[in-house]
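Thanks, everyone. Have the model open on your screens, and let's walk through it together.

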Amino acid sequence: MQYNLAQLFREPTGSTRDYVVDDSFIGPEEGLDRAQGWVRVIRTHEGFLVRAELETQVNMTCSRCLNWFELQSELKMEEEAYSSINPTTGRMEELPDEADGVIVLDDQHVLDMAEVLRQYTITEVPIKPLCNEECLGLCPECGSSLNKEKCKCNTAPVDLRWGSLAELLTEKQD
Ligand SMILES: [Zn+2]
Ligand SMILES: [Zn+2]
């Protein structure tokens with residue numbers, strides 16, 4: 001998923017390149033994640049416009065049961081990209097203020113879509129990913145996964161709502 005845009009840089013505004021993506025990339029958890037779809041790069045007056053529509057499968061660890069699972073998502077993006085060096089003159093380009101979401105190409109004018117995807121999926125990832133909304137998690141006593149088996153520990157799940165209500169009641173009684 002590395003596209004060299006040096007040639008496109010020399011072409012007139014509006015020139016495009018299309019790339020078909022069916023590739024793996026290193027996602028937020030360093031797993032070999034996958035993406036399929038397309039990327040289109042359009043030469044603009046100052047740089048490039050990168051459009052992409054991709055389906056991604058990202059490996060994640062469930063925050064409750066610690067099992068790996070695959071998070072499917074669809075990603076539509078449109079970002080501006082700039083070269084740091086002008087391939088015709090070899091001089092450093094003056095870049096627009098480095099705002100968020102602007103892709104800066106390396107000095108070989110390579111668009112590293114794998115890195116762009118990694119950044120994107122990191123921001124997409126939920127803070128507490130769950131393999132399943134109903135995931136039962138691990139037993140706090142023996143650590144076995146309650147999705148697979150019911151262990152012999154006798155730990156009634158603590159429901160926080162009732163816990164605080166109980167506290168409230170005892171406070172009132174004081
Ligand atoms: Zn889980
Ligand atoms: Zn247990």
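Thr-16 has its bridge partner in E3: Ile-42. Before I go on, the ground rules. This is a predicted model; local features need pLDDT of at least 70, side-chain atom pairs count only at pLDDT 80 or more, and totals for chains, interfaces and linings use all residues. Residues are numbered from 1 along each chain as its sequence is written, while chains are lettered from A and ligands numbered from 1 in the order in which they are written. Helices (H or I, at least four residues) and strands (E, at least two) are DSSP runs, numbered from the N terminus.

Back to that pair. Strand E2 covers residues 16-26, strand E3 covers residues 32-43, and the two run antiparallel, joined by 11 bridges. They form a hairpin with 5 residues between them. Look at Glu-30 in the turn: its phi is positive, about 65°.

Now the sheet. What is the strand order? It is E2-E3-E4-E5-E6, an open sheet of 5 strands with mixed pairing. Pairing here means that DSSP finds at least two bridges between two strands. The edge strands are E2 and E6 (103-105), and each pairs on one side only. Neighbouring strands are turned by 30° against each other on average, direction ignored. For such angles, axes are lines fitted to C-alpha atoms, for helices over the stretch in contact, and angles run from 0 to 180 degrees between N-to-C directions.

H2, residues 113-124, lies across E2, E3, E4 (48-61), E5 and E6, at about 60° to E2. H2 has 12 residues and reaches 16 Å from first C-alpha to last, close to the 16 Å expected at 1.5 Å a residue. That expected span is 1.5 Å times one less than the number of residues.

Which residues of H2 are buried? Met-113, Val-116, Leu-117, Tyr-120 and Thr-121. They cover an arc of only 130° around the axis, which puts them on the same side of H2. The arc is that of the directions from the helix axis to the C-beta atoms. The face turned away carries exposed Gln-119, Ile-122 and Thr-123. Buried means 20 or more other C-beta atoms within 10 Å of a residue's own, exposed means 12 or fewer, and partly exposed is in between, with C-beta atoms placed from the backbone.

On to the core. The largest nonpolar core has 16 residues, and Val-39, Val-41, Val-50, Leu-111 and Leu-117 have the most contacts inside it. E2, E3, E4 and H2 each supply at least two of its residues. A core is a set of buried Ala, Val, Leu, Ile, Met, Phe, Trp, Tyr and Cys residues joined through C-beta atoms within 7 Å.

Take Val-50. Beyond four places in sequence, it is in contact (C-beta atoms, placed from the backbone, within 7 Å) with Val-39, Val-41, Glu-79, Ala-81, Ile-103 and Leu-111.

Leu-136 is in the loop between H2 and H3 (160-173). Is Leu-136 buried or partly exposed? Leu-136 counts as partly exposed, because it has 14 C-beta neighbours inside 10 Å. Beyond four places in sequence, Leu-136 is in contact with Leu-146 and Asn-147. Asn-147 is 11 residues away along the chain, yet the two C-alpha atoms are separated by 5.6 Å.

Key
Contact = placed C-beta atoms within 7 Å.
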